[in-house]
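Hi,

Here is the structure I said I would pass on.

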Amino acid sequence: MSVETAAALSATETQRRIDDFGAWFQNLNLNGVQTAPNHFLGDYPAVKFAGFAHALPEDLTGKSVLDIGCNAGFYSLEMKRRGAERVLGVDFDERYLAQARFAAEVRGVDIEFRQLSVYDVGTLGEKFDLVIFMGVLYHLRHPLLALDLVREHVAKDLMLFQSMQRGSTDAMKVETDYDFWQTEMFSRPDFPMMYFIEHKYAGDPTNWWIPNRACTEAMLRSAGFEIIAHPEDEVFVCRVKDTDADTDVARATKQAKESLQVA
Ligand SMILES: C[S@@+](CC[C@H](N)C(=O)[O-])C[C@H]1O[C@@H](n2cnc3c(N)ncnc32)[C@H](O)[C@@H]1O
């Protein structure tokens, strides 16, 4: 279908096409028709985006963007609207990618959507000025591996990150080391911790790990990101940090990554 044709569809025909794609997670307005009007979080992700849109550069002219777990392309479309030259959206679910391609056709914008798991971002062989990694971490059985891969292979400068979080919203200042007999911090709710979901959470068997805020921040730092803004509870704007100085922690991190062939 050509760009003109999709944009010119009547509301009835647009609704029929939307229905053909199956259930939508993201609520987009396509030719005046809402794709997920009954989302349990409201007009999602627009309501979410309203809380942190200001924390991203308004002008992305000439920039490249990788949207990992792009779903129906809400953030890809927004970044294109901000002038990004190249936007690549990846998701491992072909059904969502079909929705995203249709949405881009209706909006008349040139965005590439490709089927790819976050674990395979190394195959892209390209780094991006802005990586969007929103709402994916807790769906992964191996979340830190994914963050390491993103940092190593595709993040050039900024990363927009979001995770569902549970537990304390405070983050204690972690020490650089603890004595073997020191254990009281493990009982503190603001110590970094991640809850493992063996079965389901919110009826969803793909929710595997849910960090508290301290854990989100610690994992981002450990993967090599500096948090430069925290505009909303679950959202972090990060900048790629130069590899740590030659410390024993940096060496251990490097060795761990090499053993998984991340680095
Ligand atoms: C909760 S939705 C978030 C969508 C969007 N990023 C947002 O914030 O609105 C999670 C998305 O991540 C995708 N996803 C889950 N695991 C993935 C993986 N291993 N690689 C790529 N995408 C994945 C799902 O298909 C889904 O589209």
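Which residues have the most contacts inside the largest nonpolar core? They are Ile68, Val131, Ile132 and Val150, in a core of 64 residues. Helix 5, which covers residues 94–107, gives this core its largest share, with seven residues. Before you read on, keep in mind that this is a predicted model.

As background, nonpolar side chains in soluble globular proteins tend to be buried together. In this protein chain, 37% of the 263 residues count as buried.

Now for the ligand. There are 17 residues around it, and the ones that come nearest are Gly69, Asn71, Asp93, Met134 and Gly135. By type, the shell around the ligand splits into nine nonpolar, six polar and two charged residues.

And the overall picture: the protein chain has eight helices and eleven strands. Its radius of gyration is 20 Å, close to the 18 Å that the globule rule gives for 263 residues, so the chain is as compact as a globular protein of that length. The C-alpha trace spans about 70 × 35 × 30 Å along its principal axes. As for how the chain connects with itself, take the contacts between residues at least 6 apart in sequence: 61% of them join residues at least 24 apart.

Cheers

Methods:
Residues numbered from 1 in each chain as written. Predicted model: local features only at pLDDT ≥ 70, side-chain atom pairs only at ≥ 80, totals over all residues. Core = buried A, V, L, I, M, F, W, Y, C linked by C-beta atoms within 7 Å. Buried ≥ 20, exposed ≤ 12 C-beta atoms within 10 Å, placed from the backbone. Helix = DSSP H or I, 4+ residues; strand = E, 2+ residues; numbered from the N terminus. Near = placed C-beta within 6 Å. Nonpolar A, V, L, I, M, F, W, Y, C, P; charged D, E, K, R; others polar. Rg over C-alpha atoms; globule rule 2.2 N^0.38 Å. Contact = placed C-beta atoms within 7 Å.
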